[in-house]
Amino acid sequence: MASKITTNKNKQSACLADRVRLMRKRLKPTGASALLVTNPCDIRYLTGFVGDDSWAVVPMRGSKVYILSDFRFEEQIQKEAPHAVVIMRKKSLAEELAGLTKRLKADKIAVQPGYVTVSLRKALAKHLGARRILAVDDGMFAQRAVKDAGEVKAIRKALSIQQQAFRETCDFIKPGLSEYEVAAYLEYRMRALGADGVSFPSIIAADANASLPHAVPGKTKIKAGGSVLIDWGAKWGGYCSDLTRVVAVGKMRPKIREIYKIVLDAQMAAIDAIGPGKRQSDIDAVARGVIQKAGYGDRFGHSLGHGIGLDIHELPVLASKVQGVLEVGQVVTVEPGIYLPGVGGVRIEDDVLVTPKGHKVLSDLPRSLESAII
Ligand SMILES: [Mn+2]
């Protein structure tokens, strides 16, 4: 057992070192001497450390990675990021950063523009000097779009938990239960099955409520012969999964049945089109084309899908106006929908890995119309 644990740890640290190396290579042309990492997901991605109120500093030269933190996280950092050099701060983070960059002789400090508030920018300018701060595109979001084997494994684990919780929830659902109760049960089961938590607050939308793509669960009760849209996800090892299913209790109303078939056709056609080198906008167009042809083009008002990872919405985006092509190792949701105000809505969502040969659907819950009747 001990040797297996050591191997896993070595594998993990090699993988973190690869990520840091790639980051350094990407940032070299900016002329920065170090990157200040303030996005907690990126700190985790680059160092393994999961806590908050801390920063990571990655100098462009050498092989060291620094974490600026405090007493609360001392023991945790030793466990999660044994390779990082830890600085337990005595002063503010910005003051400690100024001291560290001075010791490292790091002049230009690249910051993550999306994760520096106005007040933080002020504090950095005060302690470092404004001319030393580089607001470059740190590119972490693009780097994180391509998953390594360990990341795909974590997403798969999150999926297996959320799928098991869904099966149990389908057995639990009965007429008279409120959306609140269904959400509570589903989320309780995910935690009990070992999820870190939910990827996002679950959407449980009964009947007409499902015409709101981002409906919030409420007091509405599940009816016999009614439908329920469930959009939910589990987090495991920090990684998010994200699925949507529509189920009908006993039988499915004809209108929901009609749009269910169209949405499923659209989703399957789009999944079929996924592969390395395929344009993201083309994948969106495949699904949109099916829905438009069926006469519901104006009722599919959101993009087709998004990457998932440490964040629930990552790159790449599958939408009509985006530039770019899919790459091996990206994991995207494919989630077309049709929304009819006053009637209801159908969205079907699965998580798909781009592989050298094409794609692999990571989720395996059934999606057929028959399977949707519980
Ligand atoms: Mn989604």
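1. In what order do the three strands of the open sheet run, and is the pairing parallel or antiparallel? The order is β7-β10-β11, and the pairing is antiparallel. Keep in mind that this is a predicted model.

2. A bit more on that sheet. Its edges are β7 (197-198) and β11 (239-240), each of which pairs on one side only. β7 is joined to β10 (residues 234-236) by two bridges, and Val 198 sits opposite Ala 234 of β10. Helix α7 (residues 149-172) lies across β10 and β11, at about 140° to β10.

3. Now the overall picture. The chain has 10 helices and 19 strands. Its radius of gyration is 23 Å, close to the 21 Å from the globule rule for 374 residues, so the chain is as compact as a globular protein of that length. The C-alpha trace spans about 70 × 45 × 40 Å along the principal axes.

4. Of the contacts with a separation of 6 or more, 67% are between residues 24 or more positions apart.

5. Helix α4 (residues 93-103) is worth a look. Its buried residues are Leu 93, Glu 96, Leu 97, Ala 98, Leu 100 and Thr 101. For reading that pattern, recall that an α-helix has 3.6 residues a turn, so residues three or four places apart point the same way.

6. What do those buried residues of α4 pack against? The partners are β1 (34-37), β2 (55-59), β3 (66-69), β4 (85-88), β5 (109-110) and α5 (118-128). Just after α4, Lys 105 adopts a positive phi of about 55°.

How values were computed. Residues numbered from 1 in each chain as written. Predicted model: local features only at pLDDT ≥ 70, side-chain atom pairs only at ≥ 80, totals over all residues. Helix = DSSP H or I, 4+ residues; strand = E, 2+ residues; numbered from the N terminus. Rg over C-alpha atoms; globule rule 2.2 N^0.38 Å. Contact = placed C-beta atoms within 7 Å. Buried ≥ 20, exposed ≤ 12 C-beta atoms within 10 Å, placed from the backbone. Pairing = 2+ DSSP bridges. Axes fitted to C-alpha atoms, helices over the stretch in contact; angles between N-to-C directions.
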